[in-house]
Amino acid sequence: MDFATLLQMLDATLRLATPLLLACLAGLYSERAGIFDIGLEGKMLAAAFFSAAVASLTGNVWLGLLAGIAASMALSLLPEVELHILNLMRGNQLISGVAINFLAAGLTVLIAQDWFQQGGRTPSLIGGARFNPITLPFADDIAQTPIIGPLYAELISGHSILVYLAFLAVPATWWLLYRTRFGLRLRAVGENPAA
């Protein structure tokens with residue numbers, strides 16, 4: 001395998017790992033709070049669908065991002081609403097999570113077919129409906145430097161803002177969980193719910 005192919009594989013790995021990294025961080029917060037969030041896959045699916053659908057319909061990537069966040073938050077509230085409606089003190093987190101996954105898997109296809117008539121898919125995003133890649137400082141200047149230039153110009157530079165925010169969220173999460181009062185309280189509640 002040559003160096004250019006390796007760079008392309010690593011570049012794709014960074015890009016494709018971003019949604020998984022964000023979901024893992026969400027799961028980490030839930031787990032630290034004492035909640036096993038089995039419904040993360042369904043929330044990711046709903047967020048991805050509504051982000052793409054709203055961005056496609058409006059042509060605005062930021063409205064699409066907000067729609068995805070809202071869809072995921074709405075699905076996160078379902079187990080709580082269920083508990084209050086049924087007036088139960090303790091619900092089964094596993095069943096609620098599986099229900100969210102099934103609900104998202106069915107509803108996204110159904111809504112996509114109704115809105116776009118493309119076999120349950122959203123249209124391809126173009127122009128302002130997509131996040132543009134960000135070229136980091138000096139990436140073009142050192143691109144021809146052997147080894148270091150391609151690493152910086154092709155692997156580190158040229159991703160969307162979400163990739164950079166996701167990787168910055170990892171140390172920020174560590175700091176929040178282990179260096180703030182909020183993190184201490186979140187971990188304490190997760191380890192001992194009676195506290």
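What share of the 195 residues in the protein is buried? Buried residues make up 26% of them, where buried means under 20% relative accessible area, exposed over 50% and partly exposed in between, with a 1.4 Å probe and protein chains only.

1. Basis of the note. This is a predicted model, in which local features need pLDDT of at least 70 and side-chain atom pairs count only at pLDDT 80 or more, whereas totals for chains, interfaces and linings use all residues. Residues are numbered from 1 along each chain as its sequence is written, and side-chain values use heavy atoms, with hydrogens and water left out.

2. Overall architecture. The protein has 7 helices and 0 strands; these are DSSP runs numbered from the N terminus, with helices (H or I) of at least four residues and strands (E) of at least two. The pattern along the sequence is α-α-α-α-α-α-α. The C-alpha trace spans about 65 × 50 × 30 Å along its principal axes. Of the contacts (heavy atoms within 4.5 Å) between residues at least 6 apart in sequence, 68% join residues at least 24 apart.

3. Nonpolar core. A nonpolar core is taken as a set of buried Ala, Val, Leu, Ile, Met, Phe, Trp, Tyr and Cys residues joined through side-chain atoms within 4.5 Å. The largest one has 5 residues, namely Ala-46, Ala-71, Leu-75, Ile-100 and Ala-104. Helix 3 (61-86) and helix 4 (93-116) are the elements that give two or more residues to this core. Beyond its neighbours within four places in sequence, Ile-100 is in contact with Gly-39, Gly-42, Lys-43, Leu-75 and Pro-79.

4. Salt bridges. The count is 2 salt bridges, on the rule that a side-chain nitrogen of Lys or Arg lies within 4 Å of a carboxyl oxygen of Asp or Glu. One joins the side chains of Asp-37 and Lys-43 at 2.8 Å, N to O; Lys-43 counts as buried, at 9% relative accessibility. Glu-31 and Arg-32 form a salt bridge at 3.9 Å, N to O. Glu-31 is partly exposed at 39% relative accessibility, and Arg-32 is partly exposed at 26%.

5. Largest pocket. On a 1 Å grid over the protein atoms alone, where a 1.4 Å probe fits, a pocket is an open set of points with protein on both sides within 12 Å along at least five of seven lines, and lining residues have an atom within 4 Å of a point. The largest pocket holds about 1700 Å³ of space, a volume being the space filled by probe spheres set on the points. Its lining has 49 residues, of which Pro-19, Leu-22, Ser-51, Leu-65 and Leu-162 lie nearest the centre. Helix 1 (3-32), helix 2 (40-58), helix 3, helix 4 and helix 6 (161-179) are the elements that give two or more residues to this lining. The lining divides into 29 nonpolar, 15 polar and 5 charged residues; Ala, Val, Leu, Ile, Met, Phe, Trp, Tyr, Cys and Pro count as nonpolar, Asp, Glu, Lys and Arg as charged, and the others, Gly among them, as polar.

6. Backbone points to inspect. Most residues other than glycine have a negative phi. Phe-138, however, has a positive phi near 70 degrees, and Ile-147 has a positive phi near 60 degrees. Phe-138 lies in the loop between helix 4 and helix 5 (148-156), and Ile-147 is placed in the loop between helix 4 and helix 5. Phe-138 is exposed, with a relative accessible area of 61%; Ile-147 is exposed, with 55%.
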